[in-house]
Structures are given as structure tokens and as C-alpha cells.
Amino acid sequence: MGLYLLQQIVNSLIYGSVIGFLAIGYTMIYGILGLINFAHGEIFMIGAFTCYILVTFYQFPFFAGVMGAVLASVVTGLLLYYLVYRPCIRNKAPIVAVFIASFGASLGLRYLFMMIFGDQGRAFPAPAYLRGMHMVGQIVFSKRDLVMFVVTIVVMLIITYLIKYTKVGMAMRAVSYNIKIAEVMGVNTNRIIVTTFIIGSALAGVSAIQYGLNFGIVQPSMGFTPGLEGFIGAVIGGIGNVPGAMIGGFIVGIGEILFVAFLPSHLSALRPIFVWGLLFLILFLKPTGLFRPNVKYEGTWGE
Amino acid sequence: MLLQINDITAGYGESNVLHKINIQVDKGEIVSLIGSNGVGKTTTLRCIMGIIRPKTGSIIFDGKNVNKFSSHKIASAGISYSPEGRELFGNLSVYENLRIGGYLIQNYKDMKNRLEWVYELFPKLYERKNQIASSLSGGEQQMLAIARAIMPSPKLILLDEPSLGLAPIIVDHIFEKILEINQSGTPILLVEQNSDLALEVSKHSYIMEKGQIRLEGDSKELLKNDYIKNTYLGVA
């Protein structure tokens, strides 16, 4: 039993990281603009598709596919900001309108890809050097998971350093807490917002590669569930709190896999219950999340 | 003239709060803007910072018309702002709040020097530099709000109600610091409800009523003015 649990935890780490990286994107963008970027799941999907297209259709080396994925995610994120969110903010659109625009962008991108590719799963290319297993004691580690885990740690360290110690990171947190005052202090808030979209989207790209390698498929609707779970991870971690989002994402991702692992197999369709139950509990017991949110709660929304 | 506000009318939505306001601040001096709650003092400062746009009139700072500048451009032109209610970044440490205050300083060494000077002026802040801002006492928060505003070596500081909600002894301490900052060469536009104090520290004062300047003049003279004595002094 202990061994089984350990093996399941090892298996779920990468999924935790997939959700964690998505959660960071949600939390950063929500913290700064006060809006939920529902299309974040599509930024993720487009990243995965780009890698798939580059490697499978055009025979690019896998690493180039990864770079392409991150780049495509960033471009998608920036396009969403400039074409959808910025016009909304400029015209002082009510929060409901932004909400609907965000949802529309998400559905639009998803169905556009469905029209082009159909919604059947396609095999995500995994390079030969990531195949193979290692045994440590009686626990199986796949080479792929080990590499991805190292990537996760490195990316997390970079992000933590960036947010915590650099001037841009400080400005991002300040903007997240109070955008108007940050602007008055001389912070070019538009530039900070753009930076946030770049970082959040790049992480979605990394997350997409991890997802693709972990599950071996890409499909246009692949962003939906991880996207929702990433959002829930962000809520659990405290909105605007970047390390919190990563931890929240791990809680959702790992918890979900363990939940299924210990459920009789004919009940595995109950998997979403775990995530929604978790969201319900958090909203019921501690609606601001487990860690300190980095936003200033005011009476009105999106003012 | 460092700052010249000419005939500005401004407000929120349809209604106007300010009606043709004229204010001038010269280099080196403390100018106070006095008035009771809701007469438009904070709105005036918000106009200067570009948070709200005046509907008519112009704001000339250091020879430039800053009417249409966005807030961060106005900050880089050299105006810094310590807003009403302090508005610190509650989740950032004291040090980080000061770093954001000095966001416009390009050079790390200049920033270090400036930070040293600020810590010298407010030793309390040095003691608490790694504490998050929302955990400070009211007086310390006000000190931080002022310290944050002086970080970029501004050409002009706008101080909105630095005495608000503080015990008299702390108010005195903070006003000593304000004078010290001014003596180091930085002009200040001070908004206050505490008229005794404001008239005492400033060189020139404007008395605001219902969105208009009711009276202006040398602060020493205004202290003797009967209308001021009866309406404003001894009540704060």
C-alpha cells in the first residue's frame, strides 16, 4: 500500500506541475487586471499544437518544437491582451462584458482548432531520448518524468527569483496590489501588464509540453479541464500569490490523481468531484485561499 | 514658477468638484491647501497626478503642460504623491515599498544612496525594513508613505492629509520630518484639514471652500485673518 501510494505520487507530480504552471498564469493575470482569462486553457492548447505541428509535420527537432510552443503561447497571450482585454479596459467595459469576451475568446479559439484539426486526439511526439525507465528501489521513474521534474524545479526557481527579487517582479506585485498607485509612482503599468501576459503565457507553453509528454496526445479541447483546474489551483493559493498558485496547482493535480488511484476503477469517472469538492471547501472555509492573496479587496469590482 | 494650475474645472462624471481653481507653487516653498472635508482638495491633487483629467484649464509643471500626460509620465516629470489614506502596497515589505517609490531611479547606486538617506530620516523604517507594510502602526505607515514619495528625489511632493487619524504627538513628529524634507530643498504642496498646523509650517496658503479658492495669501498673514480665525483655527 505504501509503495502504491509512493508510486502514485511520483506519477502525479508532473500533472501537478502542469496545473501549477497554469495556475500561475491565472493568478498573475487576475491579480493585475482583475479578470479571469478563460482563454488561458487555449493558450496552453495552442502551445501543445505548435510543438506537435513543428515536430510531426515539419520534422523539427523536439527542442525546437518546445521553443516554438512557448513562443506560440506567448504570441497568443499577447494577441488576446491587445485584441480582447485591452479594448475592454480602454472602454471601461463592465466586468461582466470582459467575462463574456474572455469566454468567447476561449470558445472561439477552441472551435477554430476543432474546425481545422477535428477533435480526435493526435499523438504528441516524444523524442527517443526521453523514453525509458529507471528503477529506484521498487519505484519506477520514467526518464521523461525525471527530465520534466528538473525542468519544473528550474522554471519555478527562475519565476520565484523574478517575482521576489527583481525590480520588474516588485513592480508586478505592486501593480497587482494597487494598479493606480503603482502608476502614480512612475511604473509604466501597461508594460507591466504586457510582461505579465508574456510570463503567464510562456508558463502555459511549458505546461502544455509537460501535458503532451505525460498523456501523449494533443487535441483542441485539451485546454478545458486543465484550464479549470489551474484556475481552481490559483484560488486555493490565494489570488495574486505566485508561489501559492504553484502549490495550489500541485494540490489539485496530485490530489486528483491520488483520489482516482484509491477509488475503485469503475468509479474513476468521479474524478471531477475531487476538484469541485476542493473548490467548494476552499470557498466555504477560506475564500481568500490558503496563502495571503496579493490583491487589495475593495468594495467594487474592476473599478 | 514650478507648478502652475490655471483655471481648472474637474469632477467625476457630470458633476464638477472643482470650479476654476488657480494654485501656484514656487521652488523651495511649502504651500498648503486648507479646507474641510469634501471641498475638493484631494481632487485637486488627483488632477495634478493625472488620475482624473481636468475638463478645462491647464497644469504647467516645470515649464511643461502636463495636462495630457499619463500618471507615470507625470511622475517621471518629477512630481511625487503621497495619497490620502496612505495607500501603501500592503503586501510588500517596507523596503519593497521604497523600491517602488524609487522605481524611476535608473541606477542601482543612486537608489542605494537615496535609500540610505530615507532610512536616516526615518530610522523606524530601517528597523522594520523587512516587515510587510500592512503590519506597521498608523504613524509608521504615514512615515512610509512620505518616505516612498521622497525616494525618487522629486522636484515637487504632493502630501495629502499626512495628519489623518494620527495621535497629536505623532503628527508633530511627522511634521518635523516634513519640514526637514523641505529644508533639504524639496517644495511641498500640502493638503490638510488641520489648519493650525498647515498655516504654521507653510509659507503660502490657499483656503478652499466648495471647490473654489476662497482666500489665499501669506500663511503668517492668514493666521491673523478674522475670517480664518473664526472658521478654521482652534477647531482642528
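**Close-up 1. B:Glu209 lies in strand 9 of chain B, which runs over residues 204-209.** The model shown here is predicted. The C-alpha atom of B:Glu209 is separated from that of B:Gly40 by 8.0 Å. Along the chain, B:Glu209 and B:Gly40 are 169 residues apart.

**Close-up 2. Contacts of B:Glu209.** Neighbours within four places in sequence are left aside here. B:Glu209 is then in contact with B:Val39, B:Arg214, B:Tyr227 and B:Tyr232. With B:Tyr232, the side chain of B:Glu209 makes a polar contact, side chain to side chain, at 2.9 Å.

**Close-up 3. Chain B meets chain A.** Chain B brings 24 residues to the contact, and chain A brings 22. About 2200 Å² is buried between the two chains. Carbon and sulfur atoms hold 63% of that area. Three residues of chain B stand out: B:His72, B:Asn91 and B:Tyr103. They supply 31% of the area that chain B buries against chain A, more than any other three residues.

**Close-up 4. A salt bridge links B:Glu96 and A:Arg173.** The closest N and O atoms of this pair are 2.9 Å apart. The count of salt bridges between chain B and chain A is 1. Polar contacts between the chains join 7 residue pairs, both residues at pLDDT 80 or more.

**Close-up 5. Helices on the side of chain B that touches chain A.** Helix 2 (71-77) and helix 3 (94-101) of chain B each supply at least two residues of this side. Helix 3 gives the most, with 5 residues. By type, the residues of this side of chain B are 14 nonpolar, 6 polar and 4 charged.

Note on methods: Residues are numbered from 1 along each chain as its sequence is written. Chains are lettered from A and ligands numbered from 1 in the order in which they are written. This is a predicted model: local features need pLDDT of at least 70, side-chain atom pairs count only at pLDDT 80 or more; totals for chains, interfaces and linings use all residues. Side-chain values use heavy atoms; hydrogens and water are left out. Helices (H or I, at least four residues) and strands (E, at least two) are DSSP runs, numbered from the N terminus. Contact means heavy atoms within 4.5 Å. A polar contact is a pair of N or O atoms within 3.5 Å; within protein, one must be able to donate a hydrogen and the other to accept it, and residues adjacent in sequence count only if both atoms are side-chain atoms. Buried area is the accessible area (1.4 Å probe) that two parts lose on being put together, summed over both. A salt bridge is a side-chain nitrogen of Lys or Arg within 4 Å of a carboxyl oxygen of Asp or Glu. Ala, Val, Leu, Ile, Met, Phe, Trp, Tyr, Cys and Pro count as nonpolar, Asp, Glu, Lys and Arg as charged, and the others, Gly among them, as polar.
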